[in-house]
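The following note sets out several points for a colleague working from the sequence and the model. Please read each point against the structure shown here.

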Amino acid sequence: MTAHILVFAGSIRKGAYSGHMADAASKELVSQGAEVTRITLADFPLPIMDEDLEKEHGIPENALRLGRLFAAHDGLMICSPEYNASIPPLLKNTIDWVSRISRDGDKPFKPYAGLTVGLCSTSNGNFAGLRGLYHLRAVLMNVGTQIVTEQCSVARASEAFNDDATLKDERSARMLSTVCRSLIERVEASRG
């Protein structure tokens, strides 16, 4: 049975390196046999997470749409930039809002239940976004996802990608191939 993977970047900046990484991850996942849905968080704008806002207005519709999309897939591939050695606010806010969902209409609903997640990072610096992935991993573990051990972090990202959404550096390409393979294998193993 084909693994269904949702892929997105943690930034919506025009030309974001994490967007290029998400394109490369999508291409690699497809080449390894996964069915991929590639989205942008720009299509799901959300207010800043605020429990008073939630109490007054409920869960925003875009958070529910994302939650349903998460639940409709076997796994996620999140490609994140690093902001000040941590998670970008857009990504953290998205994770937080989706984590607040406990019902969809009159049915209990936990969007993160059973999801397996692969992680990639990009940075123009030498740390390659690794510090941000450490924090992202902790947050995703807390919301109940299973995160694969392997990850792909790409330094000097402004020079890292070919025009065909592949990585120029052989070592980086191998890391991406490994995390994609691990994500697919983990999804398949979780099905029993």
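1. In this predicted model, helix α1 (residues 17–31) packs with helix α6 (residues 170–190) at an angle of about 60°, and their axes are 10 Å apart. The two helices, α1 and α6, are therefore oblique to each other. Their crossing is right-handed.

2. The contact between these helices involves M21, A24, A25, E28 and L29 on the side of α1, which meet L176, S177, C180, L183 and I184 of α6. Sorted by class, the contact of α1 with α6 comprises eight nonpolar residues, one polar residue and one charged residue.

3. C180, one of the α6 residues in that contact, is buried, its relative accessible area being 0%. Its sulfur lies 6.1 Å from the closest cysteine sulfur, which belongs to C120. A disulfide requires two cysteine sulfur atoms within 2.5 Å, so the distance from C180 to C120 is too far for a bond.

4. The count of disulfides, under that cut-off, is zero. C79 accordingly takes part in no disulfide; the nearest cysteine sulfur to it is that of C120, 4.3 Å away. C79 is also buried, with a relative accessible area of 1%.

5. A separate point concerns N62, a residue of helix α3 (residues 61–71). N62 has a relative accessible area of 17%; because buried means under 20%, N62 is classed as buried. Leaving aside residues up to four places away in sequence, N62 touches D43, F44, P45 and L46.

Key
Residues are numbered from 1 along each chain as its sequence is written. This is a predicted model: local features need pLDDT of at least 70, side-chain atom pairs count only at pLDDT 80 or more; totals for chains, interfaces and linings use all residues. Side-chain values use heavy atoms; hydrogens and water are left out. Axes are lines fitted to C-alpha atoms, for helices over the stretch in contact, and angles run from 0 to 180 degrees between N-to-C directions. Helices (H or I, at least four residues) and strands (E, at least two) are DSSP runs, numbered from the N terminus. Angles under 35 degrees count as roughly parallel, over 145 as roughly antiparallel, 65 to 115 as roughly perpendicular and the rest as oblique. A crossing is left-handed if the near helix is turned anticlockwise from the far one by less than a right angle, and right-handed if clockwise. Contact means heavy atoms within 4.5 Å. Ala, Val, Leu, Ile, Met, Phe, Trp, Tyr, Cys and Pro count as nonpolar, Asp, Glu, Lys and Arg as charged, and the others, Gly among them, as polar. Buried means under 20% relative accessible area, exposed over 50%, partly exposed in between (1.4 Å probe, protein chains only).
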